[in-house]
Amino acid sequence: MAGIPDLRVHPDPYIALDEDREKAERLAREGEGLSPAALVDLYFSLTPEVPPGLASGYRRGMLELGPARAEDRLERLQHDVPRFGQSPRVLDLGCGAGAWLPSLGARAGELVGVDVALRWLVVARAVLRARGIEATLICGNAESLPLSRNSFDVVIAANVLEHARDAEASLNEVFRVLDKDGYAYIATPNRFSVLPEPHVGVPGLGLLPRAAADEIVRRALGVPYGGITLRGSLGWTDLATSAGFRRVQTRAPVPGRRERDLLSRPGRLAARALAATAGNPVGRGALRALGPMLEV
């Protein structure tokens, strides 16, 4: 569909299968030759049900903050993960519109991007073409990856597993497709943070029962909260251990230089406060428990 293999066994939870395919085909047809930014604008013009404020935040996340965050975090990870220096086989699980793909492409020997949203893979393809990066894009489910066992050295799952229909099954799949001594990296919002939930901007949402969270988001934004399930550090550690991972670590990420440069003045002040808090063991423990984001 739209030149991308569609190997899903379940539809995207946010849109019906036929509607997603129709929108992807239209984006591919009407967006031929457009820049990634223009293609994202075209998408939101075709999706008026997304409130303008949310659309603006999503657009900035995809095209500015997301790529900056990816480069900052991968710059640090490449020192922690020796395989990044060996042209690894990398899977970007939940690659979406391709925020991480260019940075991964600069480090990978082989790169595959998988996402449940066919329409966003059309945008990701434009991102790759604009940067001259080769990668394979596949529309598929995290819980049922259409990929062989032991076929990757590194799996990156940034802001995706909280959306998965079954996070436990998804982590089992990540473990299955990783080769021996492979490395998985997960970035996800922390359920126990009192700060605004990054998908919808509502403070303390993870602390509420599901029904209450859904109702608040509907009333505040006029859209459903959807199938987002947030977890804390212990929850992700338990899931990863159950999936078979031998060494599991969690930490609270601190915005890097590139991301900080794109933040507003209050955002930069908050980033400095996070960095100062993370500068000692007690602060790191507090951020891991209550900070806005987690890395696993």
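This is a predicted model: local features need pLDDT of at least 70, side-chain atom pairs count only at pLDDT 80 or more; totals for chains, interfaces and linings use all residues.
Let's start with the salt bridges, of which the structure holds 23. Take Arg-258 and Glu-75, whose closest N and O atoms sit 3.0 Å apart. Arg-258 belongs to helix H9 (residues 257-262) and Glu-75 to helix H3 (residues 52-80), so this pair ties together parts that are 183 residues apart in sequence. Both ends see some solvent-accessible surface: Arg-258 is partly exposed at 23% relative accessible area, and Glu-75 is partly exposed at 33%.

Helix H3 also holds Arg-76, and its partner Glu-295 is in strand S6 (residues 293-295), so here the linked parts are 219 residues apart in sequence. Arg-76 is partly exposed, at 29%, while Glu-295 counts as buried because its relative accessibility is 2%.

Next comes a network: salt bridges with shared partners join Asp-6, Arg-8, Asp-12, Asp-20, Arg-21 and Arg-119. Within it, Asp-6 and Arg-8 pair up with a closest N to O distance of 2.7 Å. Asp-6 counts as buried at 16% relative accessibility, and so does Arg-8 at 12%.

Now for the surface. Asp-18, Glu-19, Glu-22 and Glu-49 gather there in a patch of negative charge. Asp-18 sits in helix H1 (residues 17-30) and is exposed, with a relative accessible area of 60%.

There is a nonpolar patch too, about 480 Å² of it, made by Phe-192, Val-194, Leu-195, Leu-207 and Leu-290. Val-194 is in the loop between strand S5 (178-189) and helix H7 (210-221), and its relative accessible area of 58% makes it exposed.

Key: Residues are numbered from 1 along each chain as its sequence is written. Side-chain values use heavy atoms; hydrogens and water are left out. Patches are made of residues with over 30% relative accessible area and no salt bridge: like charges are joined within 9 Å, nonpolar side chains (Val, Leu, Ile, Met, Phe, Trp, Tyr) within 5 Å. Accessible areas come from the Shrake-Rupley method with a 1.4 Å probe; for residues, only the protein chains shown count as cover. A salt bridge is a side-chain nitrogen of Lys or Arg within 4 Å of a carboxyl oxygen of Asp or Glu. Helices (H or I, at least four residues) and strands (E, at least two) are DSSP runs, numbered from the N terminus. Buried means under 20% relative accessible area, exposed over 50%, partly exposed in between (1.4 Å probe, protein chains only). Lys and Arg count as positive and Asp and Glu as negative; His and the chain ends are not counted. The place of a charge is taken as NZ of Lys, CZ of Arg, CG of Asp or CD of Glu.
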